[in-house]
Structure formats: C-alpha cells, structure tokens
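Me: I have a structure open and have not looked at it before. Can you walk me through it?

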Amino acid sequence: MTTYRLSHLDALEAEAIHIIREVVAEFEKPALLFSGGKDSAVLLHLAVKACWPQRLPFPVVHVDTGHNFPEVIAYRDRQVETLGIRLLVGSVQEDIDRGHIVEHPTPGATRNRLQIYTLLRVLEEGGYDAVFGGGRRDEEKARAKERIFSLRDEFGQWNPRTQRPELWNIYNTRHRPGEHFRVFPLSNWTELDIWQYVEQEAVPLPEIYFAHRRQVFKRGGMLLAVGPFSQPTPRDEAPFEATVRYRTVGDMTCTAAIESTAVTPIQVIKETAVSRVSERGATRADDRFSEAAMEDRKREGYF
Amino acid sequence: MELLRFATAGSVDDGKSTLIGRLLFDSKQVFEDQLEAVEASSLARGDEYTNLALLTDGLRAEREQGITIDVAYRYFATPKRKFIIADTPGHTQHTRNMVTGCSTADLVVLLVDARMGPTEQTRRHATVASLLGIRHLVLCINKMDLVGWERKRFEEIRREFDDFATRLQVTDLTYIPMSALEGDNVVERSREMKWYDGPSLLHHLEEVHISSDRNLIDFRFPVQRVVRPISSELHDFRGYAGQVASGVVQVGDSVVVLPSGFSSSIEAIETADGPLNEAYPPMSVLLRLSDDLDISRGDMLCRPHNQPSIGQDLSAMVCWMSEEPLQPGAKLWMKHTTRWARALVKGLQYRLDVNTLHRDQQAAELVLNDIGRIDVRTTLPLFYDEYRLNRGTGSFVLVDDATNATVAAGMILRPTT
C-alpha cells in the first residue's frame with residue numbers, strides 16, 4: 001500500500017522544480033549562474049529536470065575570475081557540451097584589462113569582490129530579468145533571511161529591509177524595468193541534502209570534491225593549494241603533499257582544502273554528518289573578513 | 001526520511017533563541033566556527049554569557065539593535081526527520097512575519113514564560129496559527145526552573161490556555177513543561193519534573209503524525225506551463241507542467257479542464273526520471289491528456305465529480321502587510337495558484353481583534369498587521385476551495401500595482417451563497 005509520502009529529498013526536489021518552472025513561465029529572460037561548484041551542479045541538474053523534455057530554454061552564466069581551479073573549468077565545459085546548453089562567460093580579467101575594475105596590488109589577492117562588477121555587467125548586457133543562483137539558507141546568517149525570489153534594484157543591490165513577504169508557494173514576480181530577481185531554488189537545502197542528492201541522482205561533480213593528492217600550504221589555519229595564483233610567502237610554512245578534498249569551490253586564492261580520504265559521495269556524506277566546522281568557515285577566507293562579510297557583498301549585488 | 005516544517009514564536013525574552021540554539025546544538029547543527037564567532041561577538045558586546053540569539057540574528061541592523069527583524073530559516077535533522085524551522089521575531093507588531101512563517105509550516109511551537117503565563121502575544125500567535133490552518137500547536141512552558149519545577153503552575157497555565165484555545169481551530173494541542181536553558185524536556189526528558197510523563201519537544205517533533213494533514217481527496221492541478229518541445233522526435237508531445245496541489249491522480253483517470261469545462265483523461269504522468277502511475281502532493285510532474293485541448297497556464301485540472309468553486313466573487317480573511325492602509329475600493333493584483341488577476345476590494349466586513357477574537361464591524365480600514373474579512377471581486381474567474389480544506393487552492397497574495405510589493409496574504413472562506 002502506498003503511503004503517499006515523499007522523502008525529504010524528493011520533497012525538496014519537487015519544491016525546486018516548481019520554483020524553476022514559475023520562473024520559466026513568468027519571466028522574459030532567465031539565466032542560471034553556473035560556477036561549477038556542487039550547488040550549481042545540483043541546480044543545473046534540477047533545471048534540466050524541470051524543463052524536460054525541452055532543452056534548457058535559457059543560458060548559463062559563469063563569472064570567471066581567472067583564478068579558478070583548472071579542473072573546475074574543464075568540468076564546466078564538459079557539462080555544457082554534454083547537456084547541449086548555452087554558456088556565457090563574464091571575464092573578470094577582461095574587465096581588469098579594460099580598466100573597469102582595479103585589482104588589489106598584492107600578488108594573488110582575492111578577486112571575490114571584483115566579481116560583482118563583472119556579474120552585474122553581464123546581467124545588464126544580457127537584459128536578464130531572473131537569475132538562478134545556488135545559494136542555500138544554511139550557508140550563512142544573511143542568506144538565512146533572504147527570500148527565494150529576491151528582488152534586486154537597478155544597481156543589482158539587495159535591500160534586506162524592504163524584502164517582500166513570501167507566502168506559501170505563491171511567488172510575486174512583479175518588478176519594474178531595470179530591476180531583476182535572483183532566484184534560489186536550493187534555499188531550503190543543507191550541505192548534507194546536496195550530497196545525498198548528488199549520490200541519489202549521480203550528479204557529476206568536478207573531481208576536486210573528492211580526495212586526491214595535492215601540494216598544499218598552511219595560511220591562517222587553512223590549507224591552500226600551491227598553484228599559479230596561490231604561492232606560499234616567506235611567512236607561510238613550507239608546502240607539503242597531502243590527501244585532501246574541497247567542500248566548496250571558489251577561487252584558488254581563497255578556497256581551502258580539508259584533509260580527507262572520501263572518494264565517493266557516500267564517504268563525503270559520512271564525513272559531513274560528523275563535521276564540526278561549517279563549510280564556509282572551514283574553507284572560505286572570503287567570508288572571514290568581517291561578521292557581516294556576506295551581507296555587505298550581497299547588498300552590493302553579489303550572488 | 002520525512003520533512004517537518006515548523007514555525008516558532010514567542011515574546012521577547014521568553015527563551016526562544018535559547019531553545020532553537022539548543023535544538024541546533026544538541027542535534028549537532030551548530031558548527032564550532034559558528035559558535036566561536038558567536039562567543040567573540042558576545043564578548044565584544046559585553047554580554048555576560050554566550051548569547052545564542054546571535055546565531056540567528058543574521059543582519060547587521062539586527063545585531064546592532066538587538067532585535068530580530070525578519071523570519072529566519074534554520075535546518076536540522078535527526079535520524080528520524082529533517083526539520084525546517086521558520087523562526088519568527090517576537091515583538092508585538094510582527095503578525096506579518098508570523099503569517100509568513102506559518103504559511104509553509106505543519107506545526108507551530110509557542111513559548112510561554114512559566115512566571116508570566118500566556119500573554120496577549122501568546123493568544124495573538126495562536127490565533128494567527130489557527131487562521132493559517134496549523135493543526136498542531138505545541139505550547140512550551142519555559143523557564144520551569146524559575147518556578148521551582150512546580151506542577152501546579154504548569155497545570156494553571158494549561159487550564160488558562162485551554163479555555164482560550166477552544167475558540168480556535170487547532171486539532172492537536174500539546175503542552176510541554178521545559179527549561180530551555182537547562183535543557184529539560186528539549187531533547188532529553190527532564191529529571192526535575194518526574195510528574196510529567198509526556199515526550200520531550202524533540203521527541204514530539206519526531207513523532208507527531210502529519211501525513212494525514214494533507215488533502216489527498218480533492219484532486220487539483222493548477223497548470224504552470226504548457227510544454228511543447230520543438231524537436232523532431234517529440235513533435236506531438238504536449239504536456240502540462242505543474243505541482244499537484246491536492247488529491248491523487250492516476251493514469252486513466254477522467255479529468256475536467258477549467259475554465260473551458262472540456263473533459264479528457266490522463267494519458268500519462270511524466271517526469272524526467274520516467275513515467276509514473278500516480279501523482280500526489282507536493283509532486284512536480286507533467287501530465288499528458290488523451291485529447292488535444294486548448295489549455296494554458298492558470299487553467300486547472302480536476303475530477304469531473306469533484307470540482308472547486310468557480311467564481312469572481314469571494315470572501316477571505318486577509319492579513320494586511322503594508323504601511324499604507326487597506327480601504328474598500330482598493331484595486332490590486334492577485335496571485336492565486338498559477339493565475340494572476342486584478343482584484344477589487346469591495347468591502348471590509350470586519351477587523352478581527354486577534355487578542356479577544358472580537359469582530360469589529362465598524363472598522364473602516366485595515367492597517368499594517370491587521371487581520372480582517374474582506375469581499376473581493378476579480379477580473380477573471382478563480383478555481384478555489386475553502387482554505388481550511390485546501391491550502392493550495394484556498395490561498396492568495398495581493399500585490400500593490402504601483403510598488404509591486406506583496407501587501408496581503410489571503411485565506412479564502414467558504415462561499416456564502
């Protein structure tokens with residue numbers, strides 16, 4: 001006898017598909033932010049399912065800081081090829097070269113904040129009125145208060161004090177010309193849900209999410225990869241080889257690895273279930289600047 | 001694993017943040033770095049103890065002013081269930097947040113300070129929960145340590161609230177004596193209150209029976225999108241995408257399309273993972289019909305002998321959420337299921353005093369956080385059910401056409417005709 005009950009993953013999937021379909025039905029020109037990270041991989045997987053059997057009726061946008069892991073860029077290109085979708089790349093390097101943004105003079109300085117300019121430029125040039133992002137409310141305190149349909153003004157800014165109430169599954173998509181929405185179908189997912197879903201659906205991920213050998217060095221208690229954009233300075237300890245994986249994927253300059261032997265989603269789930277440190281706290285130098293780091297960047301137009 | 005969504009509410013200082021902090025911490029959802037950050041902030045603010053409220057106060061203005069502005073969503077899981085908490089702020093004027101938090105909740109946890117007993121705000125929150133169709137209400141009588149763990153006090157509060165609750169439509173009311181600070185009856189049963197033989201809060205949340213709350217009787221399928229892929233192998237494909245709002249649908253079932261009234265039957269229930277034999281809420285599926293009919297977004301599929309009300313005039317309870325008052329004559333946008341219509345507020349029948357449940361029929365307007373009964377006429381016919389019987393087809397939002405702000409949450413009442 002059927003109990004007519006969905007598992008928590010199937011309920012989250014049904015909610016996300018409903019959200020994605022509302023966007024496709026009510027907006028002129030959607031796009032999906034695809035970084036190659038696990039959340040955006042799950043988001044893309046859900047978008048493909050929501051639109052099936054149609055091809056994805058909107059492009060994916062990648063803001064390329066120029067400091068990405070090469071494995072992630074290769075993965076991005078593979079996914080785009082396999083799924084037959086349109087990819088738009090906004091290059092932070094090109095905006096630096098054109099003099100639109102100025103990089104911090106320290107070699108290997110983070111380009112996290114610089115992405116905001118490039119992101120907003122690409123969105124404005126494309127005239128996108130709804131942009132899917134893979135943000136989750138469990139990631140961070142400011143995100144815990146953001147709506148699933150989050151209105152951005154003409155400057156791409158988020159204003160937490162004037163957020164519209166969001167009730168039931170009825171989403172108010174009305175907006176003025178020039179304004180757009182960021183839409184977060186994974187709002188109610190946790191890191192553990194993402195991994196369980198990756199396992200259940202066999203969602204492909206970049207290989208750096210699983211344990212591998214890599215040259216790393218310690219800085220501020222974090223394990224950073226030795227690479228073209230992140231070299232140990234004389235103040236850092238000597239690099240060493242370790243078996244590591246990544247819990248989040250951002251720039252090589254600010255994303256830290258954790259020591260791990262997990263090579264499958266199941267093993268990652270086991271490690272995640274007993275982890276005592278949040279994924280952003282463990283691995284993202286960009287969120288450590290101030291208590292309100294994420295809120296500030298979101299106000300300026302960040303993802 | 002099943003999902004349970006619940007909302008929490010209570011007055012300022014009744015220990016709600018401590019309770020949530022403890023649920024998260026004891027179920028290992030608070031990470032060490034988050035706790036360290038909170039400890040550092042508490043120290044910087046000059047708090048005498050680690051202020052667990054800082055775990056949930058996400059925005060700078062909230063931390064600076066020491067208040068919570070907005071609904072915050074929190075997540076934790078036990079081996080039995082995954083939980084989503086809508087944590088609603090405590091101050092008096094935030095009915096709006098309570099309505100928002102309750103709209104997606106299965107259950108509401110209300111905190112009461114054992115020394116004070118139920119306050120005006122407890123009654124207000126319980127009333128809102130009841131209006132929003134919440135079937136399960138849990139009253140946590142907190143700070144029992146400060147009244148000597150006394151059974152007599154607990155029973156007094158219980159009797160007092162029982163009297164009030166008889167006027168509400170809550171079918172399952174549970175009382176739990178507790179000390180969130182000491183951890184008694186939050187996750188573990190209390191050692192101090194041997195006289196209490198009920199479950200701890202967490203145990204109750206894990207076990208409370210919610211699957212009968214859904215409406216599995218009245219099949220309603222608001223059409224979200226018509227899917228017609230342009231490709232050679234799928235050129236005859238025409239599917240209707242949507243989320244099952246209520247009821248169960250099976251392949252072969254006869255259906256009626258509203259508003260056209262045309263009949264057909266379910267040819268297939270499709271998903272990206274393959275076809276299904278049946279679909280039920282809250283599944284997102286594609287339905288294919290055995291006939292080619294003219295169907296568009298905003299239409300509804302239902303069973304021939306079980307149809308919703310159809311009409312342009314309806315009566316509803318609304319919670320007003322805008323600084324600008326609502327007056328009869330207002331013209332607004334309405335979104336109901338997947339349908340947008342223009343709505344004219346023809347009349348205000350009464351304003352409900354949520355503390356006394358008194359109906360003020362002299363009220364001329366609804367101001368921010370007011371709840372009242374209105375009559376509305378819409379430009380398009382709506383396919384609706386009474387909210388109490390069907391959340392999916394009984395709810396709507398009103399949107400201001402100048403600012404595009406969401407200004408009201410509406411719950412449709414039984415047609416009076």
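**Loops, chains and domains**

Reply: Start with one residue: Asn404(B) sits in the loop between strand S21 (395–399) and strand S22 (406–412) of chain B. Helices (H or I, at least four residues) and strands (E, at least two) are DSSP runs, numbered from the N terminus. The model is predicted, so local features need pLDDT of at least 70 and side-chain atom pairs count only at pLDDT 80 or more, while totals for chains, interfaces and linings use all residues. Residues are numbered from 1 along each chain as its sequence is written, and chains are lettered from A and ligands numbered from 1 in the order in which they are written.

Me: What is the phi of Asn404(B)?

Reply: Phi of Asn404(B) is positive, about 65°, although the residue is not a glycine. Most residues other than glycine have a negative phi.

Me: Is Asn404(B) buried or partly exposed?

Reply: Asn404(B) counts as partly exposed because 17 other C-beta atoms lie within 10 Å. The cut-offs are 20 or more other C-beta atoms within 10 Å for buried, 12 or fewer for exposed, and partly exposed in between, with C-beta atoms placed from the backbone.

Me: Which Trp has a positive phi in chain B, and where does it lie?

Reply: Trp149(B) has a phi near 55°. Trp149(B) lies in the loop between S5 and helix H6 (151–165) of chain B. Trp149(B) is buried, because 21 other C-beta atoms are within 10 Å.

Me: Change of topic. Where are the cis peptide bonds you know of?

Reply: One joins Trp52(A) and Pro53(A), with omega about 0°. Pro53(A) is in the loop between H2 and strand S2 (60–64) of chain A. Another runs from Pro281(B) to Pro282(B), with omega near 0°, and Pro282(B) is in the loop between strand S13 (278–279) and strand S14 (284–289) of chain B.

Me: What in chain B is in contact with Pro53(A)?

Reply: Phe237(B) is. Leaving aside neighbours within four places in sequence, Phe237(B) is in contact with Pro53(A), Arg228(B) and Pro229(B). Contact means that the C-beta atoms of two residues, placed from the backbone, lie within 7 Å.

Me: And where does Phe237(B) lie?

Reply: Phe237(B) is in the loop between strand S8 (225–227) and strand S9 (239–243) of chain B. Phe237(B) counts as partly exposed because it has 16 C-beta neighbours inside 10 Å. Phe237(B) and Val227(B) are 10 residues apart in sequence, and 7.9 Å apart from C-alpha to C-alpha.

Me: How many residues of chain A and chain B are in contact overall?

Reply: 46 residues of chain A are in contact with 52 residues of chain B. On the chain A side, helix H1 (residues 8–26) gives the largest share, 10 residues. That side of chain A divides into 18 nonpolar, 12 polar and 16 charged residues. Here Ala, Val, Leu, Ile, Met, Phe, Trp, Tyr, Cys and Pro count as nonpolar, Asp, Glu, Lys and Arg as charged, and the others, Gly among them, as polar.

Me: How do H1(A) and H2(A) cross?

Reply: The axes of H1(A) and helix H2 (residues 38–51) of chain A come within 9 Å and cross at roughly 70°. That makes H1(A) roughly perpendicular to H2(A) (65 to 115 degrees). Axes are lines fitted to C-alpha atoms, for helices over the stretch in contact, and angles run from 0 to 180 degrees between N-to-C directions.

Me: What classes of residue make that contact of H1(A) with H2(A)?

Reply: Eight are nonpolar, none polar and three charged. Among them are Ala16(A) and Ile20(A) of H1(A), and Leu46(A) and Ala50(A) of H2(A).

Me: Now chain B. What are its domains?

Reply: Chain B is divided into domain 1 (2–213), domain 2 (220–302) and domain 3 (309–412), with bounds from an automatic or database domain assignment. 13 residues of domain 1 are in contact with 13 residues of domain 3 in chain B. H5(B) supplies the largest share of the domain 1 side, six residues.

Me: How many residues of helix H1 of chain B are buried?

Reply: Nine of the 11 residues of helix H1 (residues 16–26) of chain B are buried, including Leu19(B), Ile20(B) and Leu23(B). What covers the buried residues of H1(B) includes strand S1 (2–10) and helix H7 (201–207) of chain B.

Terms used: Parallel < 35°, antiparallel > 145°, perpendicular 65-115°, else oblique.
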